[in-house]
Amino acid sequence: MAQIFHPSMRVVSRASILASLIVIGFIGWVGWDWYRSGYFTGVNVPVEQPVPFSHEHHVNGLGISCGYCHTSVEKAAFAGIPPTHTCMTCHSQIWTGAPMLEPVRASYRTQKPLEWVRVHDLPDFAYFNHSIHVNKGMACQVCHGDVNIMPLTWKSSTLQMAWCLDCHRAPEKYIRPVEEIYNFDYKPPADQIAFGKELVKKYNVQVKQLTDCSICHR
Amino acid sequence: MRSAIRHIGALSVAALLLTSCNDMYDGARIKPLERSNFFADGSSSRPLPEGTVARGHAVNNDLLSTGKLDGTLADAFPFAITDSVIARGQDRYTTFCTPCHGRLGDGNGMIVQRGFPRPNSFHTDSLRARPAGYFFDVMTNGFGRMYSYAASVPVHDRWAIVAYIRALQLSQRATVTMLPDNDKKQLP
């Protein structure tokens, strides 16, 4: 019986095995990069809002602290989105005719809340509490990035589990004195790891517990 | 026929994948301030029904929650003022008051520099003569163009701010003889 494949097919078959490996690898690489990209995670992608609110203007330009609007950050799981009343505290007097702010004025007139779009939307199966983080020296900036220079608001962290664990495994990399949590100009000391370990001890952060499943998935 | 079955199969697998992806990410749980179609106003958070008070938020007609004693603004504090209360007051004052009143309390904050009507300086005779309860009352109910801060600043923090305003008033009129010895040494 004659051979089904001509001997020259050996090259073709080897080449195709190699090529399929390359293709599978390439697809995997594209998939991985896509999973890490802003298309999937939303990182560095400004979110469209009913009013183009600029943190840069309010924080850097005017020196308003995070806590002026996000009032529950030190006490509750949710940092708080300000009611229209807070916006109108200044904007009843300033930029009163600006068309950009009409949705804010309309909200105040009609008592219908502005519908801001959530920028950081954790999956429902992950538990998160702002207060424990800020009270243990995790600054806003560590997770939210340089909000003080964001003319529109975007995520600067993926909020993926690997990202959470990076810090939960070694909080000394990012921890800072509690007095500095709102300070965007803070510069970590050269010996951050040693300094961080001291703070971890001082604030009684139980690092071993931080990687327990039930810490975040309760 | 076979291709139709295949199509339906592929579609249902795709549908299953799509729905199963989102189910756990967005479960039957309401995040704070999340939209909900359950109530007619589209909001998941409920406004307080009129006449009700949230547990622990009772506003009794006393000094702590009104700044008044027997109906008149009182020049007294409802709890002891310690260093830590003043430090808390400074922290809260810096966050909530400096935008207009400025760090010194002279009414030249950044928002004023950007066009907000200038509030009175805390260092005028008339404001120094005001009772402590007056400042509490202004923070709670607003005054002139200043809106109420009752929603942003809890009662105890408002009193801490009053204490810090008193410290500011003192600081702008202090004489060298009033300084503790340690501070005197630091003078040039």
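**Domains and chain contacts in a predicted model**

Over all chains, the structure, a predicted model, holds 17 aromatic pairs. Rings of Phe, Tyr and Trp (for Trp, its six-membered ring) pair if their centres lie within 6.5 Å; planes under 30 degrees apart count as stacked, those over 60 as edge-to-face and the rest as tilted. A:Tyr68 and B:Tyr149 form an edge-to-face pair, with 6.0 Å from centre to centre and 75° between the planes. This pair crosses between chains: A:Tyr68 lies in helix α4 (residues 66-69) of chain A, and B:Tyr149 in the loop between α7 (132-141) and α8 (155-171) of chain B. Helices here are DSSP runs of H or I with at least four residues, numbered from the N terminus.

As to conventions, residues are numbered from 1 along each chain as its sequence is written, and chains are lettered from A and ligands numbered from 1 in the order in which they are written. Local features need pLDDT of at least 70 and side-chain atom pairs count only at pLDDT 80 or more, while totals for chains, interfaces and linings use all residues; side-chain values use heavy atoms, with hydrogens and water left out.

The interface between the two chains may be considered next. In chain B, 26 residues are in contact with 28 residues of chain A, contact meaning heavy atoms within 4.5 Å. Together the chains bury about 2500 Å², with 56% of this on carbon and sulfur atoms; buried area is the accessible area (1.4 Å probe) that two parts lose on being put together, summed over both.

A salt bridge requires a side-chain nitrogen of Lys or Arg within 4 Å of a carboxyl oxygen of Asp or Glu. The whole structure has 15 salt bridges over all chains. One of them joins A:Glu74 to B:Arg88, with the closest N and O atoms 3.6 Å apart. A:Glu74 is in the loop between α4 and α5 (84-91) of chain A, and B:Arg88 in helix α3 of chain B. Between chain B and chain A the count is five salt bridges. A:Asp124 and B:Lys31 also meet through their side chains in a salt bridge, at 2.9 Å from N to O.

On the side of chain B that touches chain A, α1 (2-25), α3 (83-96) and α5 (110-113) each supply at least two residues. Helix α3(B) gives the most, with four residues. By class, this side of chain B divides into 12 nonpolar, five polar and nine charged residues.

Within chain A, the division is into domain 1 (9-36), domain 2 (55-81 + 119-216) and domain 3 (82-115), with bounds from an automatic or database domain assignment. The centres of domain 2 and domain 3 of chain A, taken over C-alpha atoms, are 29 Å apart. Six residues of domain 2 of chain A are in contact with five of domain 3 of chain A. These two domains bury about 400 Å² between them, 62% of it from carbon and sulfur atoms. A:Tyr68, A:Cys69 and A:Ile81 supply 79% of the area that domain 2 of chain A buries against domain 3 of chain A, more than any other three residues. Zero salt bridges are found across this interface of domain 2 and domain 3 of chain A.

How values were computed:
Nonpolar A, V, L, I, M, F, W, Y, C, P; charged D, E, K, R; others polar.
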